Every structure is written in C-alpha cells, then in structure tokens.
Amino acid sequence: MTTPVCTSASHAAAPVTQTLPYPSFSSYMRARQPVLLRTARSLTGNPSDAEDLLQTALAKTYVAWERIEDHRALDGYVRRALLNTRTSQWRKRKVDEFACEELPEPDPVYAADDPAEQQALRDAMWRAIMRLPARQRAMVVLRYYEDLSEVQTAEVLGVSVGTVKSAVSRALGKLRDDAELGLVRS
C-alpha cells in the first residue's frame, strides 16, 4: 500500500503566507527609509547609488537584527553601516577621471531670485561637497544635512568632538574657497 503524498487537497490549495522573522525590522524600514535614503544620497551624490547603498546597509542591519540590543539606537547603527559600506565602495572604486588639456567652461550665472540659479547653486554645492575627502564629507553631511550636533556626529563616526570640529572647519574653509561656488554665488 502506498502512502499518499498530499493528505488534504485543502492544505495544498491554501495560500502560503510568508512572514518575516523580524516584523519590527520591516516596520522600522518603512518608517525610516526616506530619512535613511536622504543620508545615503548625501554620501553618494547619485540617487541610484544611494538606493544601492541603502539596500546594502539595510541588508547588513537585517542580518545583525538579533544582535542589536538597543533598538532605540537603530538610526545610528544604520548610519554607521551606510558610512562603512560607502567607505568600502570608495576604497574599491575604479578611477574614471582623466586629466585633460582644456578645462570645461564654468556654468552661467543666473539672477538671484531665479529658481534655476537656486538649483545651480545647490548642484554646485553638491559637486563641491563631493570633492571633499570622504571623512570631511561624511562629517559635513551628518553635521549640516542630517542636523546632528558635534557630539552626535562624533558618536556616529567614533571620533572625538575635537576631530569633528577641526575636520568640519577645514571642510568649510575648502567650500568657501571653492572656485565653482564662487562663480555661482557672484
């Protein structure tokens, strides 16, 4: 006598519902994704790269979900994962910039209240921020775009408050002296 493989047709026809082992992870991800995506965008400067960076950081967070003891500190954990992942990508990057004999012409200057000029200034600011060294860029993004205090920025990056102050000061000096920003502002 053979044993039936399927004991009940109703069980075979029942829809299979898949539940995540961490329902709080999915709710956290849905609630915080816009803010975290903005942080990733600030670190990469490219929306597509930002989405990839955030997805990688969230995958790392999901894997470590059981090990995270204080779920109130998740934003800091994910930000740290974003920074570490971005630093790893930066170290592995392929250099696509080549020296050329002629410099590109500067962007034209627009009227002060023109939305196009405001967008040009924002774009120039992002390009200037992307030219900063990775560590200074991360500190400027956390400090001014994420609106973290110097103490919070130091905690996220695992450095002293003095390091944050001096690095941000140097970064702001570089931004003040940036030729492209000077052309757009004048």
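User: How is a pair of packed helices described?

Analyst: Two packed helices are described by the angle between their axes and the distance between the axes. In this predicted model, the axes of helix 6 (residues 134-145) and helix 8 (residues 161-176) come within 9 Å and cross at roughly 100°. Axes are lines fitted to C-alpha atoms, for helices over the stretch in contact, with angles from 0 to 180 degrees between N-to-C directions. Angles of 65 to 115 degrees count as roughly perpendicular, under 35 as roughly parallel, over 145 as roughly antiparallel, and the rest as oblique. Helix 6 and helix 8 are therefore roughly perpendicular to each other.

User: Which residues in helix 6 and helix 8 meet?

Analyst: Contact means heavy atoms within 4.5 Å. R135, Q136, M139, V140 and Y144 of helix 6 meet T163, V164, A167, V168, R170, A171, L172 and K174 of helix 8. By class, this contact has eight nonpolar, two polar and three charged residues. Ala, Val, Leu, Ile, Met, Phe, Trp, Tyr, Cys and Pro count as nonpolar, Asp, Glu, Lys and Arg as charged, and the others, Gly among them, as polar.

User: Is Q136 buried or exposed?

Analyst: Buried means under 20% relative accessible area, exposed over 50%, and partly exposed in between (1.4 Å probe, protein chains only). Q136 has 8% relative accessibility, so Q136 counts as buried. Leaving aside neighbours within four places in sequence, Q136 is in contact with A167, R170, A171 and K174.

User: Where is I129, and what does I129 touch?

Analyst: I129 lies in helix 5 (residues 115-131) and is buried, with a relative accessible area of 1%. Not counting residues up to four places away in sequence, I129 touches R137, Y145 and L175. The C-alpha atoms of I129 and V140 are separated by 8.2 Å, with the two residues 11 apart along the chain.

User: How many helices and strands does the chain have, and what percentage of its residues count as buried?

Analyst: Helices (H or I, at least four residues) and strands (E, at least two) are DSSP runs, numbered from the N terminus. The chain has nine helices and zero strands. Of its 186 residues, 31% count as buried. Among contacts between residues at least 6 apart in sequence, 60% join residues at least 24 apart.

User: Which conventions apply to the numbering and the values?

Analyst: Residues are numbered from 1 along each chain as its sequence is written, and side-chain values use heavy atoms, with hydrogens and water left out. For this predicted model, local features need pLDDT of at least 70 and side-chain atom pairs count only at pLDDT 80 or more, while totals for chains, interfaces and linings use all residues.
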